[in-house]
Amino acid sequence: MKIRILKHDLNESIQHVAKAISSRTTIPILTGIKLDVNFQGMTLTASDTDISIQAYIPAEDQEKQIVQVERPGSVVLPAKFFVEIIKKLPSPEIEMEVKEGFQTFIRSGSTDIQMVGLDPEEFPVLPSIEENQIVSIPGDLLKNMIRQTGFSISTNETSPILTGVLWNLADNQFKFVATDRHRLASRIAGLDDAEGVRFSNIVIAGKTLNELSKIIPEQNTRVEIVVADNQVLFKIDRVLFYTRILDGTYPDTSKIIPTTYKTELVLDTKKLSDSIDRAYLLSREEKTNIVRLQTMEDGTIEISSSSSELGKVTEQLDVAKFTGEPLRISFNSKYMLDVLKVVESEQLHIGFTGAMSPIIIKPVDDSQSLYLILPYRTTN
């Protein structure tokens, strides 16, 4: 293999595929990035068995020559060094040559690098996926749905299924649900062109979706999602992102979401967020994060938290709307702040069915999002 390639394009593709490299792998070949070169361009692949990412660099794009191929070929290069060195090369053009025994020579400006490559034949073959169930979604919508649910996944590996986000698609309604048994986030989006596509109990690891989100460009790009038996493939521009579906059945969360409330509040999102943020400063010192919310006779609410060493924070907040019974409830302020960070509505509807029942939070101008937090039992 012998090529000349533009540094910018190579570096961009390396950054994408490197997200699939795991530092914990015990398989030496998976610590590398596989390069495949033919006269049409270069394909880079990385995998950690759970996810695989492939990026394609065409030889030419819009009459710009990106890769000049003198001799096609393949090699696997150690990712840790390859990722860093390409970023730091001095010249906008790079020359690469693979010689006998996969010895790889990289030249850029006055810099010469020699790397020990590995046999590409040892690299695992990417899964073959039947493209029967395909759905297309705007990239910014997918990023948003991941951001608005992913924070509620469990970080406890004893329940692997809860470390993922549940996906269901039926009647053009795409639904994400995430829960760690103490809180829940749910988001629905209507898709125009998902006619006839249905799937359920597709659970994808939260950390995988987080990596996927970083690859989706900011500008309006469509992402194609292909769902197969135990794999999901995402197609984003020239990047293919494969991930394994988590094994197991996700718990039915619909039964824990109340439909009627004893107390309902409509509040300004930012004012509530700022108030709980101040209360959190004290509550985190106690390692409990407990903040109390109490309705007052004058129609306001009181937010308070205390620390045995530092003291107490109390503040009154105006309420846009208050209906139902008086209430005093305690909850995890960090969980509430996580919700408030992703809500894009100026006002929130919060529903309570009692001091020990789930707290339901919905953005006022968004009927497609719902958040649930379980309250704490406190002695005072």
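**Exercise 1.** Is glutamate 93 buried, partly exposed or exposed?

*Solution.* The structure is a predicted model, and the value used here is computed from its atoms. Step one: the relative accessible area of glutamate 93 is 26%. Step two: buried requires a value under 20%, and exposed a value over 50%. Step three: glutamate 93 is therefore partly exposed.

**Exercise 2.** Identify the salt-bridge partner of glutamate 93 at 2.6 Å, and state which parts of the chain the pair ties together.

*Solution.* Side chains of opposite charge can pair when their charged atoms come close. Here the side chain of glutamate 93 meets that of arginine 4, with 2.6 Å from N to O. Arginine 4 is partly exposed, because its relative accessibility is 33%. Both residues also take part in a network of salt bridges, in which they are linked with Glu95, Arg107 and Asp112. A search of the whole structure gives 24 salt bridges.

**Exercise 3.** Describe the salt bridge between glutamate 211 and lysine 214, and then the one between lysine 255 and aspartate 252.

*Solution.* For the pair of glutamate 211 and lysine 214, the N to O distance is 3.5 Å. Both residues lie in helix H4, three residues apart, which is about one turn of the helix. Glutamate 211 has a relative accessibility of 21% and so counts as partly exposed.

For the pair of lysine 255 and aspartate 252, the closest N and O atoms are 2.7 Å apart. Lysine 255, at 69% relative accessible area, is exposed, whereas aspartate 252, at 47%, is partly exposed.

**Exercise 4.** Characterise the largest pocket by its volume, its lining and the elements that contribute to that lining.

*Solution.* The volume of the largest pocket is about 640 Å³. Its lining consists of 28 residues, and those closest to the centre are Arg24, Asp48, Asp50, Lys207 and Thr208. Two or more lining residues come from each of strand E16 (199-205), helix H4 (206-215) and strand E19 (239-244). Helix H4 provides the largest share, four residues. Sorted by class, the lining holds 10 nonpolar, 10 polar and eight charged residues.

**Exercise 5.** Describe the second largest pocket in the corresponding way.

*Solution.* The second largest pocket has a volume of about 430 Å³. Among its 20 lining residues, Glu12, His16, Asp237, Arg238 and Val239 lie nearest the centre. Helix H1 (7-17), strand E4 (51-58) and H4 each supply at least two residues. By class, this lining has 10 nonpolar, three polar and seven charged residues.

Note on methods. Residues are numbered from 1 along each chain as its sequence is written. This is a predicted model: local features need pLDDT of at least 70, side-chain atom pairs count only at pLDDT 80 or more; totals for chains, interfaces and linings use all residues. Side-chain values use heavy atoms; hydrogens and water are left out. On a 1 Å grid over the protein atoms alone, a cavity is a set of points where a 1.4 Å probe fits but cannot get out, and a pocket is an open set with protein on both sides within 12 Å along at least five of seven lines; lining residues have an atom within 4 Å of a point. Grid points are joined across faces, edges and corners, and a volume is the space filled by probe spheres set on the points. Ala, Val, Leu, Ile, Met, Phe, Trp, Tyr, Cys and Pro count as nonpolar, Asp, Glu, Lys and Arg as charged, and the others, Gly among them, as polar. A salt bridge is a side-chain nitrogen of Lys or Arg within 4 Å of a carboxyl oxygen of Asp or Glu. Buried means under 20% relative accessible area, exposed over 50%, partly exposed in between (1.4 Å probe, protein chains only).
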